[in-house]
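Dear colleague,

Here is the structure I promised to pass on. Please open it beside this email while you read.

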Amino acid sequence: MSIQIKPNCIATAIGSFPHAEAAKALDIVFQSLPDAPLWPQLPKRGLYEQMEIQYSEGLPCVKIDAEKGRMYFATGGDYSEEFAGFYETYLAAAEAVPGEGDFSALAISPAFSQGLYGFEERLKATGKRYPYLKVQTTGPCSFALTITDENKRAIFYQEEFRDVIVKALGLKCRWQIQKFKPYAEHMICFIDEPILSAFGSSTYISVKREEVVALVAEATQAVHAENAIAGVHCCGNTDWTMLIDAGVDLINLDAFSYGETIALYPDAMRRFLEGGGLIAWGIVPTSAAVRSETPEGLLERFVALVDGLAAKTALDKALILSQSLVTPSCGTGSLSVEDAERVFAHLSALSPLIRARFKLA
């Protein structure tokens with residue numbers, strides 16, 4: 001990891017909120033995440049703010065069928081001209097020095113994200129720089145395995161389209177980082193890969209480990225090109241060494257349900273943490289379980305997980321804590337507004353409890 005930071009268990013979040021209005025979601029963001037706010041994704045607003053569609057602008061051969069509520073890639077005709085135009089844009093942008101590239105061709109427009117532009121307005125109004133700001137994109141594996149061609153076959157299996165997707169998403173990461181960098185000491189960009197929880201299952205048996213590593217690595221390199229911190233979020237169990245091998249700086253997992261799983265790779269996790277790697281523990285559940293949990297109970301669950309990882313890796317617990325963040329286990333977009341607000345109330349109480357318990361600065 002090129003940027004050595006010690007977040008000391010501050011709180012941040014994943015991305016999605018159940019609110020229909022950006023202003024209400026942003027109120028929660030700035031109230032609950034004072035050290036690392038983020039722009040909220042608002043899938044309840046409609047089709048354009050769905051997880052993959054939100055990042056589709058600027059990709060060649062994309063078709064959005066509003067009537068059927070789906071997006072697909074039209075692969076049947078001659079798309080050489082569209083591809084040539086995309087790669088010309090990509091090469092011009094990707095070769096730019098950090099902070100000077102023009103990524104506007106892959107921008108996310110207001111029609112596809114009210115939360116992003118509302119976030120920018122709030123940041124301008126505050127007139128301050130935050131310790132961290134977080135942005136996010138759908139990861140290339142999840143995007144390419146979810147979106148299909150016109151025949152409903154996952155576009156992942158067409159290598160030339162897969163290459164376009166990872167390059168386009170990388171530019172979208174760089175565009176976001178560049179846009180918000182003036183307001184932060186450090187930028188964090190999450191590459192959201194929920195589909196990796198199904199890696200190795202019969203559904204994706206033909207997806208090779210080296211393909212996953214290569215795609216995540218290319219997206220990570222795009223984030224690093226803007227001197228930002230690259231995180232990957234996966235809300236289930238997976239082979240966490242894939243992310244380490246891909247060069248990510250931060251692993252975000254559903255620690256409420258799967259927190260013990262990273263300790264199954266003690267050697268890899270020890271090297272990762274000794275090299276400055278970060279863990280974002282998704283310890284606040286984003287399910288009905290949040291109704292029966294308390295910040296104090298979540299604190300004890302978190303401490304047990306850190307103790308377990310320290311024992312398995314033979315690392316000093318203080319090192320793990322200094323290189324940790326806390327988050328919800330996943331996005332809250334599918335929850336009721338009431339439950340989502342309960343998640344963030346627990347999260348905003350939990351981080352200070354941890355920091356006080358361990359005297360973290």
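What follows goes from the whole chain to single residues.

This is a predicted model, in which local features need pLDDT of at least 70, side-chain atom pairs count only at pLDDT 80 or more, and totals for chains, interfaces and linings use all residues. Residues are numbered from 1 along each chain as its sequence is written, and side-chain values use heavy atoms, with hydrogens and water left out.

Overall fold

The protein chain has twelve helices and ten strands. Helices (H or I, at least four residues) and strands (E, at least two) are DSSP runs, numbered from the N terminus. The C-alpha trace spans about 60 × 45 × 40 Å along its principal axes. A compact globule of 361 residues would have a radius of gyration near 21 Å, and the 19 Å of the protein chain agrees with that. That radius is taken over C-alpha atoms, and the globule rule is 2.2 Å times the number of residues to the power 0.38.

Of the 361 residues, 57% are buried. Buried means under 20% relative accessible area, exposed means over 50%, and partly exposed is in between (1.4 Å probe, protein chains only). Among contacts with a separation of 6 or more, 75% are between residues 24 or more positions apart; contact means heavy atoms within 4.5 Å.

The accessible surface comes to about 14000 Å², and carbon and sulfur atoms hold 50% of it. Accessible areas come from the Shrake-Rupley method with a 1.4 Å probe, and for residues only the protein chains shown count as cover. There are 32 positive and 44 negative side chains, and the centres of the two sets lie 5 Å apart. Lys and Arg count as positive and Asp and Glu as negative, while His and the chain ends are not counted. Each charge is placed at NZ of Lys, CZ of Arg, CG of Asp or CD of Glu.

Cores

The largest nonpolar core has 115 residues, of which Phe180, Trp281 and Phe302 touch the most other members. Helix 5 (residues 159-180) gives the largest share of this core, eleven residues. A second, separate core of twelve residues includes Ile14, Ile229, Leu250 and Ala280. A nonpolar core here is a set of buried Ala, Val, Leu, Ile, Met, Phe, Trp, Tyr and Cys residues joined through side-chain atoms within 4.5 Å.

Leaving out residues up to four places away in sequence, Phe302 touches Cys9, Trp281, Ile283, Leu321, Val326 and Ile354. Cys9 sits in the segment before strand 1 (10-11). Cys9 is buried, at a relative accessible area of 0%, and has a positive phi of about 65° although it is not a glycine.

Asn227 also has a positive phi without being a glycine, at about 55°. Asn227 is in the loop between helix 6 (209-225) and strand 7 (229-234) and is exposed, with a relative accessible area of 54%.

In helix 1 (residues 22-32) the buried residues are Ala22, Ala25, Leu26, Ile28, Val29, Phe30 and Ser32. Their cover includes helix 3 (114-126), strand 4 (130-138) and helix 12 (337-357). Ala20, in the loop between strand 1 and helix 1, is partly exposed at 46% relative accessible area. The C-alpha atoms of Ala20 and Val337 are separated by 9.6 Å, although the two are 317 residues apart along the chain.

Gln176 lies in helix 5 and counts as buried at 0% relative accessibility. Beyond four places in sequence, Gln176 touches Trp39, Tyr55, Ile108, Val135, Gln136 and Thr137. Lys167 is in helix 5 as well and counts as buried at 14%.

Val343 is part of helix 12 and is buried at 0% relative accessibility. Setting aside neighbours within four places in sequence, Val343 is in contact with Val284, Pro285, Thr286, Val290, Pro328, Thr332 and Leu335.

Regards
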